[in-house]
Protein chains: 2
Amino acid sequence: MRAEIITIGDELLIGQVVDTNSAWMAEQLNEIGIELYQITSVHDQREHIVAALDEAFSRADIVLTTGGLGPTNDDITKHVLCEYFDTHLIEDQRVRAHIMDLYRERPDVLNKLTATQWLVPESAEILENRVGSAPLMVFHHGPQILASMPGVPYEMKIAMTEQILPYLSRQLSAVSHHILHRTLQVTGIPESSLAILLEEYEASMPSGLHLAYLPKDGIIRLRLSSYGDLTEEEMALWFEKLQSQVRDYMIADTDDPLEVILGNLLKAKGQTIATAESCTGGKLASLLNKHAGSSAFYWGSIISYDNSVKEHLLGVPAELINTHGVVSEEVVRVMAESVRKQLNTDYSIATSGIAGPSGGTVNKPVGTVWIAWATPHGTTAECFHLGKLREQITDRACVKALVGMIQKLKVERMKVES
Amino acid sequence: MRAEIITIGDELLIGQVVDTNSAWMAEQLNEIGIELYQITSVHDQREHIVAALDEAFSRADIVLTTGGLGPTNDDITKHVLCEYFDTHLIEDQRVRAHIMDLYRERPDVLNKLTATQWLVPESAEILENRVGSAPLMVFHHGPQILASMPGVPYEMKIAMTEQILPYLSRQLSAVSHHILHRTLQVTGIPESSLAILLEEYEASMPSGLHLAYLPKDGIIRLRLSSYGDLTEEEMALWFEKLQSQVRDYMIADTDDPLEVILGNLLKAKGQTIATAESCTGGKLASLLNKHAGSSAFYWGSIISYDNSVKEHLLGVPAELINTHGVVSEEVVRVMAESVRKQLNTDYSIATSGIAGPSGGTVNKPVGTVWIAWATPHGTTAECFHLGKLREQITDRACVKALVGMIQKLKVERMKVES
C-alpha cells in the first residue's frame, strides 16, 4: 500500500509556514504499514491541484490532502475536489448540527461564511472533525482513496488519529507487507569514518535491508529499514549486529529525542534535574519539559541571560566574571552547582557561550560554549566550538548538554551495577 | 521566473525529519523575484529522482535540489544527476584543496569516503561550499538551470546565501516581474467574521491582487500578494486600505514574529523584560532570546516547573498555593511581580497552567492557563482556555503572553504621546 500527501496552500510556497504536518503523517502511516511515496506542496490554484491529483493517482493507492478547507475565499480545495470527482455540494445536517454545537458559546462565529462549512460533496463520505468546522472528506476513485483534511496541525492530528487512520486500517484488511524501521544514535565519530567502520556490515546485508545515515548537530542516527522483505526476528538480529559494531559510539538504541532518553534514565531512579542557562536561554529547559510526564524529573531553571542575573540569582561572584569572563569554566561550574543546590535536585546542567553574531573575541570566538554538569559525585565542565550561526550554536549546545548528562548517568549506573 | 524545489531523502518520507529548508528557501527566492511553484519530496531512489526531475523541468525554469550529497552509500543524488545530465565524475583539485583545508585539524575525517567528495560531474559548474565537503553543483538544461545543494539546514543556508542566490540573481539580468507580499496580523476576531468584514474590500480588489487568511494560535495573518501586476505604490495603497479596515484588531503591520515586535518596542525605549514560567517551561524565554540582539532587552527567567521552585525562588507563599491552587490569578501575579523585582526589569510576564495530558480538574480542565503582566504601572492577569493538546496549549500561551504585553506597551505609549 502506497500513499502520497498533497499539501495545499500558497503559504507553504512563499515560505510563510513550515510544513510540519507531513513528517508526522508519514510516521503514522508507516506505523500501520502504509509507505509514503511522495509529498507534494502546491498552490491554492485549481489547475495546480488537479495536476497534482492526476500525478498522485498515477502512482499511489491512497492520496491524503491537507489545507484549503477554511471558510474564506482563498480556500478552494473543496470546490476543486467536487469538480475532480464530478459531484456537487449538498447541505449535511449532521455537519450543521456539529458546527452549531461547536460554536454554541460563540454566536459571532455562526455567520454566513461558517454556514458554507456544512455544504459537502454529495459523493464523499464525511467523517467527523471533532475540533473544527471543516468536514473531513473521503472520496473513492475506483480502488483508490482520497482523504481531505484541514492543514491546521492540531486539527489534522486529531482528524488523522481519530478518523483517517482507523478508516485506512479498516481498508487494509490484509496488509500486504510489513514496514520495519529500527534506529540507533551514535556520537563522537565522523560520518565517513562510521561508514568505513560499517563497510563489512553493509556488504553483508540482504538486498531488502537498507541502512541510512542521518547526521544532525553532532549526532548521527543510523536507520535500518525493510519494506516487506524481512521478518521482525530477522530485523532484530540485524539491528543487534549493528549495535555490536558501533557500541563504542552509541548513545541510544532508539530514535527517541535525547531529552526523552535522559528523562527516562532519571525517572527510572526517581531522580531530578535543573538547568542554569545563559546562551541557550531556555531552549534546554523547554526541551526537558516538552513531553508529558516531565514534571516527574524536571524541577526548573534559572535563565541568566544578563550578567546581573548570574550574580544575584546564581551567586556568581562579580570578581569571577571579571577575572575569567562570563564564558569560562569557572563561571559555568558555579552556575551548575548553584542551581543544583538552590533547586535541590540530583543533577544540573549549566551553559554559557557566545551565540553571536556579535560578542566574539580572538580567544573566544562566536560559537565558544562552556557546559558544566553537576552531579552528586562532583562537577565536570567542557568547552565546545559549535559553529558560527546563532541557531546552530544553541541547538548544538543543547545536544552536547544532553549527551554529556546521559553519558555521565550511564557511567554512574554501570559503576553501581558492577 | 518559476522555480521548484525537490527535497531528496527517505528520512523526509518516513517522518524522521521535518523539512524546514523549503520554507526558508521559498522566502529567499521570493525576495529576488523568483516564484516557487512546487515543493516535491522524494526517496533516495534513482527512478523516483529522475521522475521528479522530468516533472519539475516540464514546469519550471529553475530546479533546486537538496539532500543526498553525503559520502555514505545511501546518498545517490550526485550519481543520479551525472546520469540525468549524461556526464561523469572527475577529480576537482580546487574542491580537494578545500576539503583538505576544512579537515586540517581532524585528519581522521580524511578517509577514502571523504575523498569521493572531490569527485564532481564534469559538465557541472562547481560553487564553493564553505562549511562542508559536498560540492554545490549547477547544471544547465537548455535554458533551464538545476542547482544541487546539501540538505543539512545550516549548510544549505550558507550555500543559498553565499552562492546559489547571487548566482541566480546574476542570471535574472532583467527580472520579468516583481513579486510583492505585504502581511499584517490581527487578533480577537474569528476568521469567518474577519472575511465578512472584508467582503467589500475583497470585492473591490483588482484581479492581480490576492488576499490570504492564515490563522494560527489565535493570530490571523492577512497577506496581500501580487505576482507582477501591481507596482509597489499600488501595493502600498491597497495595504493601507486593508489596515484601515482591520485597525481594531491589528496587532502588527508586518509578518514579524511576535517576539520581534515586542523586542523592537522595548529596544526603542531602552526597556527590559523578564519571565517567570511554569506551564510554558522556558518556551517563552527561548522565543525572547531567539533573535540576535535580544540581550539588549531580555534579562532572564525563572522557570519554576516544580512548586518548590515557585516558593523558594519566586517567593510564592505555600499558603497561597494551598488556598487558590498553583494555576490561579493570585499565584501568577506574585510570580510576575517577584521576577520583575528580582531581575530588576521594567516588565515581566508570568505563566501558570495545566498543559496536560494529566492534572486537569472539573473547575480547571487541561488547557486552563493564567498569565500575568507586571509593568511599572501595575500588574494585570487573565485566564485563558487554550485547547487540549500539550504543545498547542504551550504555543498558544506564548502567543497570548506576547500579544498581551505588546498591547499593554502600545496603550502605555499612546497615553504618553497624547
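A polar contact here is a pair of N or O atoms within 3.5 Å; within protein, one atom must be able to donate a hydrogen and the other to accept it, and residues adjacent in sequence count only if both atoms are side-chain atoms. The model is predicted, so local features need pLDDT of at least 70 and side-chain atom pairs count only at pLDDT 80 or more, while totals for chains, interfaces and linings use all residues. Residues are numbered from 1 along each chain as its sequence is written, chains are lettered from A and ligands numbered from 1 in the order in which they are written, and side-chain values use heavy atoms, with hydrogens and water left out.

**View 1. Polar contacts and a salt bridge link chain A to chain B.** By that rule, 51 residue pairs (both at pLDDT 80 or more) are in polar contact across the interface. Sorted by class, chain A's side has 36 nonpolar, 32 polar and 27 charged residues; Ala, Val, Leu, Ile, Met, Phe, Trp, Tyr, Cys and Pro count as nonpolar, Asp, Glu, Lys and Arg as charged, and the others, Gly among them, as polar.

**View 2. Here is the area that chains A and B bury between them.** Contact (heavy atoms within 4.5 Å) involves 95 residues of chain A and 95 of chain B. The buried area (accessible area, 1.4 Å probe, that two parts lose on being put together, summed over both) is about 7400 Å², and carbon and sulfur atoms give 54% of it. A:Ile14, A:Gln16 and A:Tyr305 supply 8% of what chain A buries against chain B, more than any other three residues.

**View 3. Strand E2 of chain A meets strand E2 of chain B.** Helices (H or I, at least four residues) and strands (E, at least two) are DSSP runs, numbered from the N terminus. The two E2 strands, residues 35-42 in each chain, pair in the antiparallel sense over 3 bridges; pairing takes at least two DSSP bridges. A:Thr40 stands opposite B:Thr40.

**View 4. Loops on either side of strand E15 in chain A hold A:Asn344 and A:Pro357.** A:Asn344 sits between helix H15 (329-343) and E15, and its phi is near 60°, a positive value in a residue other than glycine. A:Pro357 is in the loop between E15 (347-353) and strand E16 (368-375), joined to A:Gly356 by a cis peptide bond with omega about 5°.

Definitions and conventions: Salt bridge = Lys/Arg side-chain N within 4 Å of Asp/Glu carboxyl O.
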